Amino acid sequence: MTPGLDAAGVVDAVGEGADAAVGDEVVGTTVGGSYSEYALLDRPVAKPGVLSWEVAASLVTVGRTAFRVLGQLGVQSGQTLLVHGAAGSVGFIAVQLAVARGVTVIGTVGEHDIERVSALGATAVRYGDGWLERVKAAAPQGVDFVFDAAGAGVLADSVALTGDSARVITIADMSAAQHGVRFSAGSADGSEESLPELVRLAAEGKLIVPIWRTYPLAEAARAHTDLEARRNHGKAVLLP
């Protein structure tokens, strides 16, 4: 088994009917894993020259996930969205996409991430005990939707906050069904088509993807050790 989903690189060979050509710089989702010098990409997207390899390789799954959940919630300009785990890789992108759409965003974060998330145009509040009261104080107008990207046992209070379990979606809490909340996974609803837009926004500097650290491919095990120990604050990237 070769782990990994996302990759960015230079096309070495193409199959019949491929939209890319040998020598093109591309980004996309791999078929059969990405922890390798060579990887097979299905329907890759062109990587703009101004976009770094590290950001390109980090954008795909987290960007599509954020894009997908915002679409499933149906949040609109003028409404208020609460993002649990707003400093994480998915939450960080979801905050930016929502703010750009005119949504008022509240994000729960750790103390050390308050300034970083606030700089995106969101209102950052500390997670943990008392988060519900802090969110209510930050959003006296109420909260229309909740995107749980943290999985920290916040679903029951999130449903109570919105008044409707259909207004809450999680990508991280496996107890979702117990609360009548949708667990969002996969991209069968067409969110895979969002990658060109995500790449464009990142290339234009309108979408920040937090890169924490890069590792040589040979040190993939060390990267996983660091991730499992929760040392990271952003994406870890393997370099061939």
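Author: What follows sets values against definitions.

Author: This is a predicted model, in which local features need pLDDT of at least 70, side-chain atom pairs count only at pLDDT 80 or more, and totals for chains, interfaces and linings use all residues. Residues are numbered from 1 along each chain as its sequence is written, and side-chain values use heavy atoms, with hydrogens and water left out.

Reader: Why are α4 and α5 called roughly parallel?

Author: Their axes come within 11 Å and cross at roughly 30°. Axes are lines fitted to C-alpha atoms, for helices over the stretch in contact, and angles run from 0 to 180 degrees between N-to-C directions. Angles under 35 degrees count as roughly parallel, over 145 as roughly antiparallel, 65 to 115 as roughly perpendicular and the rest as oblique. Therefore α4 and α5 are roughly parallel.

Reader: Which residues make that contact?

Author: Trp131, Leu132, Val135 and Lys136 of α4, with Asp157, Ser158 and Leu161 of α5. Contact means heavy atoms within 4.5 Å. The residues divide into 4 nonpolar, 1 polar and 2 charged.

Reader: What makes α1 and α2 oblique?

Author: Their axes cross at roughly 55° and come within 8 Å. That angle falls in the remaining class, so the pair is oblique. The crossing is right-handed, meaning that the near helix is turned clockwise from the far one by less than a right angle.

Reader: What meets what there?

Author: In α1, Leu59, Val62, Gly63, Thr65, Ala66, Phe67 and Leu70 meet Ser89, Val90, Ile93, Ala94, Leu97 and Ala98 in α2.

Reader: What makes a set of residues a nonpolar core?

Author: The members are buried Ala, Val, Leu, Ile, Met, Phe, Trp, Tyr and Cys residues joined through side-chain atoms within 4.5 Å. The largest such core here has 41 residues, with Leu59, Leu81, Ile93, Leu97, Val117, Phe147 and Leu207 having the most contacts inside it. Its largest share, 9 residues, comes from α1. Apart from it lies another core, of 16 residues, including Leu82 and Val159.

Reader: Why is Ala18 called partly exposed?

Author: Ala18 has a relative accessible area of 40%. Buried means under 20%, exposed over 50%, and partly exposed in between (1.4 Å probe, protein chains only). So Ala18 is partly exposed. Ala18 lies in the loop between β1 and β2.

Definitions and conventions: Helices (H or I, at least four residues) and strands (E, at least two) are DSSP runs, numbered from the N terminus. Ala, Val, Leu, Ile, Met, Phe, Trp, Tyr, Cys and Pro count as nonpolar, Asp, Glu, Lys and Arg as charged, and the others, Gly among them, as polar.
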